[in-house]
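Please consider the structure shown here with attention to its strand pairing and its aromatic contacts.

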Amino acid sequence: MSEEDRHFSAELAVIGTGLAGFAASIFALKRNIKTAQVGNTGAVAYTTGYLDLLGSLAPDYLASIEDPWQGIEQLRDSHPRHPLCRIPKDDIFTAFEQFTSFLGKCGIAYTPPGEFNVSGLTPAGTLKPTLCVPATMQVGSAAFSQKEPCVIIDFKGLKGFSSRQVVANLKDRWPKLSSKRVEFPDMVSGEIYPEVMARSLEVPATREKLAKILASAAGDVKVIGLPAILGMHAPDLVREELEQLTGLQIFEIPTMPPSVPGIRLREMFEQLFPQKGVTLIPQQKVDRLVFIENGAQLSLNDSFGPISIHAKSVILATGRFLSGGLKAGVDGVSEPLLKLPVTQPDSRREWYREKYTDRRGHAVNSAGIEVDSSFRPLDNHGRPYSKNLFAAGVILAHQDWIRGRCGAGVAIATAYKAVEEVEKLLK
Amino acid sequence: MTQKQKRQTVETDVLIIGGGVTGAGIMRDLAFRGLQTLLIDRKDLCAGASGGNHGLLHSGSRYISSDLHSAIECREESTILKHVASQCIEETGGLFVAVEGDDPGFAENFAALCQPAGIACNPISIDDAKKLEPLLSDKLFKAYKVPDATVDPFRLALLNVAHARMINSSSFRPHTELLHFTLKDGKIESATCRDNQTNSILTIYANQYVNACGAWAMNIAQLAGCKDVNLLYSKGTLLVSHDRLTTHVVNRLRPPGDGDILVPGGTVSVLGTTSIRVDDLITVKPTVAEIDINVREGTAMIPALAKARYIRAFSGVRPLLQSAGGSDDREATRGFALLDHSTQNLSNFCTITGGKLTTYRLMAEKTSDLVAGRLNNSEPCQTHVTPLPDEESCKWTEPGASPKYWYKANDPEDMILCECEMVPQSAIDEIVKDAPGAEKEMTLKAIALRSRAGKGPCQGSFCGIRIASYLYDQGHYHDKTGLIHMRDFFNERFKGTRTVTWGLQAAQMELAEALHCGLLGLDNLENN
C-alpha cells in the first residue's frame with residue numbers, strides 16, 4: 001500500500017481520548033462544531049462507569065460527602081483555583097445532563113445528575129460516592145440504601161471478583177446480603193475474562209442459559225448483583241432481557257480496570273463518532289502541534305502514513321502521566337507536546353508523602369498546567385499560549401482527582417467550559 | 001472495646017530473637033545438635049538487613065583493601081555455601097572494573113592484593129570485559145574477573161527454618177516482639193513477648209537466649225541489662241531496575257564508595273549502595289538524594305543506568321561495632337562479634353551481630369558452639385557439610401521460577417494471581433498451608449515475603465487486589481481486616497516506590513492510586 005498524506009480540516013481538534021476528550025467532542029457535536037479527535041491511549045477504558053463529581057473534600061478528604069454541589073461551594077472558599085470552582089454550578093449540571101443523555105441515546109443509559117451523591121458498590125465491598133451511575137448499576141445502589149435481601153453472584157474462573165469479599169465487607173451494613181458462586185455457560189473450566197463473558201452475552205442463547213443459572217442461584221431472593229459482564233454494546237437490553245427471563249432485579253458491580261463498563265464507552269465512541277461526523281483517530285499520538293495564523297496544525301502518523309489536521313481551535317485533554325499528557329522526569333514534571341509550564345512542587349523530594357494512602361494525597365497529583373478564565377493554557381509569561389488553544393481534564397493544576405473523587409467531574413465540567421469558549425472564538 | 005489479654009507460656013531449649021539469616025542459621029545448626037529452638041521476630045523473616053541488601057555472595061575481593069580477615073572469611077564461606085545451599089545461589093561470577101578518573105595504582109595492584117586472601121582474581125582485557133558485559137562504559141581501563149555470586153536471602157532463611165522444623169520441630173513465630181526479660185540469679189529466667197497481630201502476651205522459658213537482632217542487637221542486649229554491645233548504624237540505600245542489565249556482579253574497582261556495585265538478581269538488577277551514619281533505626285528509608293547519588297555513580301560503570309527504569313528502592317542498616325571507628329563506615333570492619341555477656345553477669349545469654357550475609361553460616365556456627373557448650377552439648381556443627389534440603393513451600397521466592405512450575409503443572413484451573421511474576425493460586429495455597437511462619441490469617445506482606453508476588457513492575461498494585469480477593473474466597477479473610485491487610489501491603493510497597501517514581505513508573509503509580517484510593521477507597525477505610 002502506498003503511503004499517502006491525509007489532510008483533514010476541522011473547526012476544533014480535540015487531543016485526548018479519555019473522558020475529557022470524549023466529553024469535549026460530545027459538547028462540540030451538540031453545538032454543531034466540526035470536530036476531529038485524536039488520542040494515543042484508550043484511557044476511557046480505565047473508567048469504572050461511575051461518573052463522580054466530587055466525593056471528598058480537600059484538604060483532608062475526611063468522610064465522603066453527600067452533597068457534591070454544596071461541596072463545590074465549600075471548595076470555592078478553600079480552593080478557589082480548583083478547576084471545578086471556576087465553572088458555574090448550572091454549567092456543571094448542564095454538562096452532566098448533556099453528557100449522560102448523549103450516552104443514553106447511544107445505548108448506554110445513565111442516571112441523570114441529581115442533588116446528592118449515590119453509593120456505588122466496588123468489587124472490594126466498599127462504597128464509592130458518585131453522582132451518576134450506569135443504568136446497569138442503579139439497582140445495586142438502590143438495593144443497598146433499602147437494605148433489600150440480595151445475592152452477589154460470582155463466577156468460577158473469574159479472578160479478582162469475589163462475592164464473598166463483597167459480602168464480607170458490606171454485611172455489617174447490609175445484613176441480608178449473601179454470596180453465591182456459579183459457572184458461566186459454556187465456560188466451565190480454566191480462567192474466564194469479563195470482556196469475553198460480556199461479548200458472549202450478546203448472544204440470546206447464552207442469556208437464556210445464564211438466566212436459568214441465575215434464577216436457581218437467587219433462590220427466594222429477588223435482587224442479584226453480578227460483576228460487570230452484561231453485554232458490550234447493548235448492556236441495557238441484556239439486563240432487561242435477563243430480568244424478564246429470571247423475574248429478578250439485576251445489577252452490575254464494576255470489576256478491576258480495564259473493565260467492561262469502560263470498554264463499552266470506548267467502543268461506543270469509536271463506533272458512533274464517525275457516524276455523527278466526528279473525525280476520530282484513536283490509538284494515535286500527536287507528534288507535533290504548531291499554531292499558525294487563525295488555527296493550528298496537528299501532525300501524526302499511523303500505519304498508513306502521515307496525517308495532518310488543520311483546526312481553527314484545539315482542546316488539550318491529554319490527561320496526566322498514565323495518558324502521557326504530563327511526563328514525570330528525574331528533574332521534574334513537564335508537558336511534552338507544547339512544553340507548557342507545569343505548576344509543581346519545587347523538587348522531587350516533595351512529590352510524595354511518606355504514606356501511600358495518606359488521606360491528604362500527594363503533592364505531585366496537584367501538579368498540572370495553568371489556564372486563564374477562558375481555560376486557555378498559560379505560557380511562561382503567564383499569558384495565553386495561543387488564543388486558539390484550550391485545555392480540559394485532569395491535566396489542569398490545583399486538583400487531586402483521586403483523593404477528591406472528582407475525575408469525571410473535572411473532565412466533564414472543564415470540557416463543557418472549554419467547548420463553550422471554543423464556540424465564542426469561532427463566532 | 002476492651003479485650004482481656006490472653007496469656008500463654010512456652011518452653012524451649014533455646015530462644016533465638018531475630019529472624020534474619022543468622023537467627024535462621026542458628027536454628028538449623030542447633031537442631032542438628034539435638035537442641036530445640038523457638039525463633040521469634042518482631043516482624044517477619046529477613047525484615048532487617050538480611051532482606052535489605054544486594055543479595056551478593058561476596059568472593060571477598062570487595063574487602064581486600066580494608067579488611068583482609070573479612071575477605072578471607074568471605075572467600076571460605078562463599079565456597080561452602082555454593083556447595084551446601086546451591087539452590088539459593090546463582091554463580092554469576094563477578095567483575096571489578098576501573099573507569100577514567102579511578103586510581104590507576106589501586107587498579108593495577110588489585111590482583112596482588114587479592115592473592116594473600118587466596119581469592120581467584122584474574123585480569124581480563126577491556127574487550128573481553130565488554131564481551132561479557134556489553135553495557136559497560138567505554139571509559140573502562142582495567143578489569144578483573146572474580147568468583148562473586150548472588151544469593152536469595154529470603155529463600156535461604158526460609159529453608160533454614162523449614163529444615164530445623166523438619167529435624168526436631170523447632171518453630172518460628174513471626175510478629176512476636178520481645179518486651180522484657182525476667183532476670184534471676186545471673187540468668188535470664190524468661191522472656192515476655194507480645195504477638196503484634198493479636199496483642200496477646202507470651203512468656204517464653206528457655207535455657208539459653210540468643211540475641212541475633214543485627215542492628216537492633218544493642219537494644220535487645222540492653223533489655224537484659226547488658227552494656228557491652230555498642231553499635232553504630234550505617235544506612236545503605238539500594239535500587240532495583242526493571243530489567244536485568246548485566247549477567248555478572250559488576251563492582252567498581254576502587255575503594256568502596258557510593259553506587260559502585262550492580263548485582264543481577266533473577267530478572268532485575270540491584271544498584272547500591274550509599275552509606276550514611278544514622279542515629280536511630282526508626283526512620284530508615286530511601287531518600288531521593290540517595291537514589292540520585294546511586295544512579296549518578298553507577299552510571300560511570302554502566303551508562304545505561306542513567307536511563308534505566310527503576311521499580312523499587314530499599315534501605316538496610318549495617319550494624320557496626322563501635323570500636324571500629326574510621327571515617328567511612330564501609331572501611332570499618334565487616335567482621336562479626338559474638339558476645340557471651342559473662343562480664344555482664346549473665347550465663348545464658350549471648351549476642352551475635354555485625355558480619356554480613358555471606359558469613360551468616362559461620363556466625364551461626366560460632367554462636368551455636370557457644371550455646372551448645374553452655375548446655376554441655378558437644379555435638380559438632382554440620383551446616384558446612386550437610387546440604388540444605390529443598391522444601392516445596394519455600395520455592396516461590398526464586399525469580400523466574402513460578403512460571404516454570406506453572407507451565408509444568410499445566411493446570412488450567414490454577415489461575416495466575418500476580419501477572420508480572422506469574423505467581424499462581426497454588427503458590428498462595430502452599431504458602432498459607434506450609435511455609436515457615438504460615439498462619440490462618442496471613443497478611444499480604446507475609447505472603448509477598450514468601451513469594452515473588454508484588455516484585456514486578458506493577459509492584460503489587462494489581463496482584464495485591466487479586467490475592468486478597470482469593471484469600472476472601474478461600475475463607476482466610478472474612479471481614480474488613482482483609483482490606484486493612486491490602487492497604488498495609490500497598491503502603492509497604494510504596495515505601496519502596498516513592499523515591500523512584502518517574503517515567504513509566506509515574507504512570508503505574510497514577511493507575512494504582514486511582515484504583516486503590518479512587519475506586520476502592522483504601523485511603524478512607526475508617527469512614528467507609
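Predicted model: local features only at pLDDT ≥ 70, side-chain atom pairs only at ≥ 80, totals over all residues.

Residues are numbered from 1 along each chain as its sequence is written, chains are lettered from A and ligands numbered from 1 in the order in which they are written, and side-chain values use heavy atoms, with hydrogens and water left out.

In chain B, three strands form an open sheet in the order β3-β8-β4, with antiparallel pairing. Because β3 (56–57) and β4 (89–90) of chain B stand at the edges with a single partner strand each, one side of each has no neighbour in the sheet. Strands here are DSSP runs of E with at least two residues, helices are runs of H or I with at least four, and both are numbered from the N terminus; two strands pair if DSSP finds at least two bridges between them. Two bridges join β4(B) to the antiparallel strand β8 (residues 149–151) of chain B, and T150(B) in β8(B) is the bridge partner of E90(B).

Over all chains, a search of the whole structure finds 21 aromatic pairs. Rings of Phe, Tyr and Trp (its six-membered ring) pair if their centres lie within 6.5 Å, and planes under 30 degrees apart count as stacked, over 60 as edge-to-face and the rest as tilted. F27(A) and Y416(A) form an edge-to-face pair, at 5.2 Å centre to centre and 85° between the planes. This pair links distant parts of the chain, 389 residues apart: F27(A) belongs to helix α1 (residues 19–30) of chain A and Y416(A) to helix α11 (residues 407–426) of chain A. F27(A) counts as buried at 0% relative accessibility, and Y416(A) is buried with a relative accessible area of 7%. Buried means under 20% relative accessible area, exposed over 50% and partly exposed in between (1.4 Å probe, protein chains only).

In chain B, the ring centres of F181(B) and Y209(B) are 6.1 Å apart with planes at 85°, so this pair is edge-to-face. Because F181(B) lies in strand β10 (residues 176–184) of chain B and Y209(B) in strand β12 (residues 201–211) of chain B, the pair ties together parts 28 residues apart in sequence. Both F181(B) and Y209(B) are buried.

A charge sits over a ring if NZ of Lys or CZ of Arg is within 6 Å of the ring centre and within 35 degrees of the ring normal. K395(B) lies over the face of Y405(B), at 4.3 Å from the ring centre.
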